[in-house]
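Here are my notes for someone opening this entry for the first time. Please keep the model in view while reading the points.

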Amino acid sequence: MRTAGPVLLGVFGFPVAHSLSPEMQNAAIRRLGLRCIYLKFAVPPSMLSRALDRAESLGFRGVNLTVPHKEAALPLMDLLTPAARRVGAVNTVTFMGAGRREGHTTDGEGFLRATREDLGFTPRGRKVVVLGAGGAARSVCFALADAGARNIVLVNRTPARAARLARALVAEARIPSSAFRLSGRTPWKRLLEGAALLVNATVLGLHGEDSPVPARFLLRPMAVSDLVYNPPVTGLVVAARSRGLRAANGTGMLAGQGALSLERWTGRRAPLAEMRCALLAALARRDGGQRDPSGTDRTLPGSRPTAYPGRTRPRQAPAWRAYPGRI
Ligand code: NAP
């Protein structure tokens, strides 16, 4: 059955209430004057296959997938783009007609677009240090490799996971990569030497933790990209700015991946600035206007100034186990 109304788009997640994609996508849809509507759906893991079937039969053009569906969706696709296959995750499903589904991921390209716009960063020939080895780190690393980065250094709490990702990067993307443990004894000076970009792709910062990298090791001209966007200013961003480094939070990546999904479904150039504004406005509403969600250190007009813009007070960094070296 197909609806006669607007073209349907949406996001499936579980939970999904926190998702700001509808605000961001519907702002773009309005700006482009499209007859579309973007909705969010709480889809439990056991219902993903059936929900995709239903969406298709109701005439959806496409859906975004978020936690916990990105990996689970792989076998449910008829066609995977090279990016989705390599990253092992799907965040954008396109219903192509005749019951065929394409799975793609826009996370990595969204990240590249954001770092270019926010930090003026271009990967070609550059060394990048990435904290984390989960899904976001994987997307970022393969995108950096495809964009010509020179080498990638991974630093993660669980070194075996970082080592697995490093091996995959060497084997599948032919980029020199190495893995280290995130600890109180991580040899930051050596690891960050010559790096053009430091990326935080861990959850550290979500709950007001201190910077995982001591500020004294953050040296110009390196730039810093923290994928965390809520809170808008993390301990890492504060530390980087205190040392005069360019630093950006994850709103650019979030808007970038959304823009690329919309472009894939509609064939129209997405209004990225509009999407980002809608995202920041939604974050500010959620926050009650207490913080500037753009991640600058300004306080929003009319809100109460706070000594620390991420939380009232940063928590102590977790006590990582000491582990000296390369794995
Ligand atoms: P994930 O697959 O669950 O990976 C989580 C990462 O955080 C792993 O590297 C994990 O290390 C590390 N970690 C977790 N708890 C830690 C702790 N206490 N101390 C040190 N490291 C810890 O999650 P993900 O999807 O990659 O997301 C990672 C971050 O990126 C999240 O903050 C997420 O919000 C953000 N993100 C942002 C965007 C965006 O558009 N801006 C998109 C995707 C993700 P282990 O391997 O040791 O567990």
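1. Two strands pair if DSSP finds at least two bridges between them. Helices (H or I, at least four residues) and strands (E, at least two) are DSSP runs, numbered from the N terminus. This is a predicted model: local features need pLDDT of at least 70, side-chain atom pairs count only at pLDDT 80 or more, and totals for chains, interfaces and linings use all residues. Residues are numbered from 1 along each chain as its sequence is written.

2. Start with the parallel sheet. Six strands form this open sheet, and their order is E9-E8-E7-E10-E11-E12. Strand E9 (177-181) and strand E12 (247-248) are its edges, each pairing on one side only. Strand E8 (residues 151-156) runs parallel to E9, and five bridges join them. Look for Ile-152, which stands opposite Ser-177 in E9.

3. Helix H5 (135-146) covers part of this sheet. H5 lies across strand E7 (127-131), E8 and strand E10 (195-200). H5 runs at about 175 degrees to E7. Axes are lines fitted to C-alpha atoms, for helices over the stretch in contact, and angles run from 0 to 180 degrees between N-to-C directions. Two residues are in contact if their C-beta atoms, placed from the backbone, lie within 7 Å.

4. Next, how does H5 pack with helix H6 (residues 159-173), and at what angle? The angle is about 30 degrees, and the axes are 11 Å apart. H5 is therefore roughly parallel to H6. (Angles under 35 degrees count as roughly parallel, over 145 as roughly antiparallel, 65 to 115 as roughly perpendicular and the rest as oblique.) The crossing of H5 and H6 is right-handed. A crossing is left-handed if the near helix is turned anticlockwise from the far one by less than a right angle, and right-handed if clockwise. From H5 the contact takes Ala-137, Arg-138, Cys-141, Phe-142, Ala-145 and Asp-146; from H6 it takes Leu-165, Leu-169 and Ala-173. By class, this contact of H5 with H6 has seven nonpolar, no polar and two charged residues. Ala, Val, Leu, Ile, Met, Phe, Trp, Tyr, Cys and Pro count as nonpolar, Asp, Glu, Lys and Arg as charged, and the others, Gly among them, as polar.

5. Now the ligand. The ligand is surrounded by 25 residues, and the closest are Gly-134, Ala-136, Arg-157, Thr-158 and Gly-250. A residue is near a molecule or strand if its C-beta atom, placed from the backbone, lies within 6 Å of it. H5 and helix H9 (251-266) each supply at least two residues of this shell. The shell divides into 14 nonpolar, eight polar and three charged residues.

6. H9 also meets helix H4 (residues 107-119). Their axes come within 7 Å and cross at roughly 125 degrees. H4 and H9 are therefore oblique to each other. Their crossing is right-handed. The H4 side of the contact is Asp-107, Glu-109, Gly-110, Phe-111, Arg-113, Ala-114, Glu-117 and Asp-118, while H9 contributes Gly-252, Met-253, Gly-256, Gln-257 and Leu-260. The residues of this contact of H4 with H9 fall into four nonpolar, four polar and five charged.

7. The other sheet has mixed pairing. Six strands make up this open sheet, in the order E2-E1-E3-E5-E6-E4. Its edge strands are strand E2 (36-42) and strand E4 (79-80), each pairing on one side only. Strand E5 (residues 92-97) and strand E6 (residues 100-104) pair in the antiparallel sense over five bridges. Gly-97 stands opposite Arg-100 in E6. Helix H1 (residues 21-32) packs on the sheet and touches strand E1 (7-13), E2 and strand E3 (60-65). The direction of H1 makes about 170 degrees with that of E2. Helix H2 (residues 48-57) also packs on the sheet, touching E1, E2, E3, E5 and E6; its direction makes about 150 degrees with that of E3. E4 runs parallel to E6, joined by two bridges. Here Leu-79 stands opposite Glu-102 in E6.

8. Finally, check the backbone. Most residues other than glycine have a negative phi, and most peptide bonds are trans. E5 and E6 form a hairpin with two residues between them, and Ala-98 in the turn has a positive phi of about 55 degrees. The peptide bond from Phe-14 to Pro-15 is cis, with omega near 5 degrees. Pro-15 is in the loop between E1 and H1. The bond from Val-67 to Pro-68 is also a cis peptide bond, with omega near 10 degrees. Pro-68 is in the loop between E3 and E4.
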